[in-house]
Amino acid sequence: MTQHFVSFIDDIWNKFPTFKNIKNTDLTNHNLLWTLEEYKKANYVNFKTGKKELYRLSILIEDFAVKHNTPLVATFETEARYKYVENRYMEILDKISHAWIIGNFNNPELAPHPPSSAEVISCDGTNISPMWIVLTKGEKGPFGLVAEDIGDHEYRGFFTSNENILKKVIEDINEQLKIKITV
C-alpha cells in the first residue's frame, strides 16, 4: 500500500514534482475562454480558481464523454454538490458507456435509480473527499481536471491529458476505494 499525504493533489505532485512548479493559468480571464481542444493541446495546465471556471471546464469534459460515448469519472466533495447537478448527471449517465460517481456521500445510494452502467462510490474518510475530479477518455488517451478545495470557494489543481499523471490519479483512487476504474 502506498503512503499518502494528507492532500490528494500533493500525492500526485510528489510523483511528478516538475508539474507542481508550472505557473498557474488564469482561468477567470474571459478573453481566454479555452475550448476543450485547447486544453488538451496544452497537455498540462495548473490553476488556482473558483467554482465557476471549474464548472465550465467540467461541462466541456462531460459533453465530450456524451458525444463520444466514453467512460466518465466524476468526484463530488459533498452530497449537496452532487444534488446541484443531479438532473444533468442522470441524463449523462443514460448516454455514456460507464461512469464512476465518487463523493463524500453519507448515502452511497444517492441516485434513485442510476443506470446499471454507473457505479456510485463513497470516498468518506479519504483524501479524495475534497477533490473535484472529472476525467474521460479521448482518441489519444485520458484527460481531465483534478482540483482540490482549499477553502474560501477556491480550488488548486490542474487539467491534463498526460497519460502518466492521470494513470497515477486513477491508481490512487482505485487503491484507496478498492475499486477498478478503467478509463
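Helices (H or I, at least four residues) and strands (E, at least two) are taken here as DSSP runs, numbered from the N terminus. The structure is a predicted model, in which local features need pLDDT of at least 70 and side-chain atom pairs count only at pLDDT 80 or more, whereas totals for chains, interfaces and linings use all residues. Residues are numbered from 1 along each chain as its sequence is written, and side-chain values use heavy atoms, with hydrogens and water left out.

On this basis the protein comprises six helices and seven strands, which follow one another along the sequence in the pattern α-α-α-β-α-β-α-β-β-β-β-β-α. The C-alpha trace spans about 45 × 35 × 35 Å along its principal axes. The radius of gyration, taken over C-alpha atoms, is compared with a globule rule of 2.2 Å times the number of residues to the power 0.38; for 183 residues a compact globule would have a value near 16 Å, and the 15 Å of the protein agrees with this.

Residues are classed as buried under 20% relative accessible area, as exposed over 50%, and as partly exposed in between (1.4 Å probe, protein chains only). Buried residues account for 51% of the 183 residues. The accessible surface, calculated by the Shrake-Rupley method with a 1.4 Å probe, comes to about 9,200 Å², of which 51% belongs to carbon and sulfur atoms. With contact defined as heavy atoms within 4.5 Å, 63% of the contacts between residues at least 6 apart in sequence join residues at least 24 apart.

Helix 1 (residues 8-15) contains the buried residues Phe8, Ile9, Asp11, Ile12 and Trp13. The buried residues of helix 1 pack against helix 2 (17-20), strand 1 (44-50), strand 5 (131-138), strand 6 (141-151), strand 7 (154-160) and helix 6 (163-177). The N-terminal end of helix 1 is capped by Ser7, a side-chain oxygen of which lies 3.3 Å from the backbone nitrogen of Ile9, a polar contact being a pair of N or O atoms within 3.5 Å, where, within protein, one must be able to donate a hydrogen and the other to accept it, and residues adjacent in sequence count only if both atoms are side-chain atoms.

Helix 6, one of the elements packed against helix 1, includes Asp172, which counts as buried because its relative accessibility is 0%. Asp172 and Ile128 are 44 residues apart in sequence, and their C-alpha atoms are 9.1 Å apart in space. Asn174, also placed in helix 6, has a relative accessibility of 14% and therefore counts as buried. When neighbours within four places in sequence are left aside, Asn174 is in contact with Ile179, Lys180 and Ile181. In the segment after helix 6 lies Lys178, which is exposed at a relative accessible area of 63% and has a positive phi, near 55°, in a residue other than glycine.

Lys51 belongs to helix 4 (residues 51-68) and is partly exposed, with a relative accessible area of 31%. Although Lys51 and Tyr39 are 12 residues apart in sequence, the C-alpha to C-alpha separation is 18 Å. Not counting residues up to four places away in sequence, Lys51 touches Arg81, Trp132, His153 and Tyr155. Of these residues, His153 is found in the loop between strand 6 and strand 7 and counts as exposed at 58% relative accessibility. Phi of His153 is positive, near 60°. Most residues other than glycine have a negative phi.
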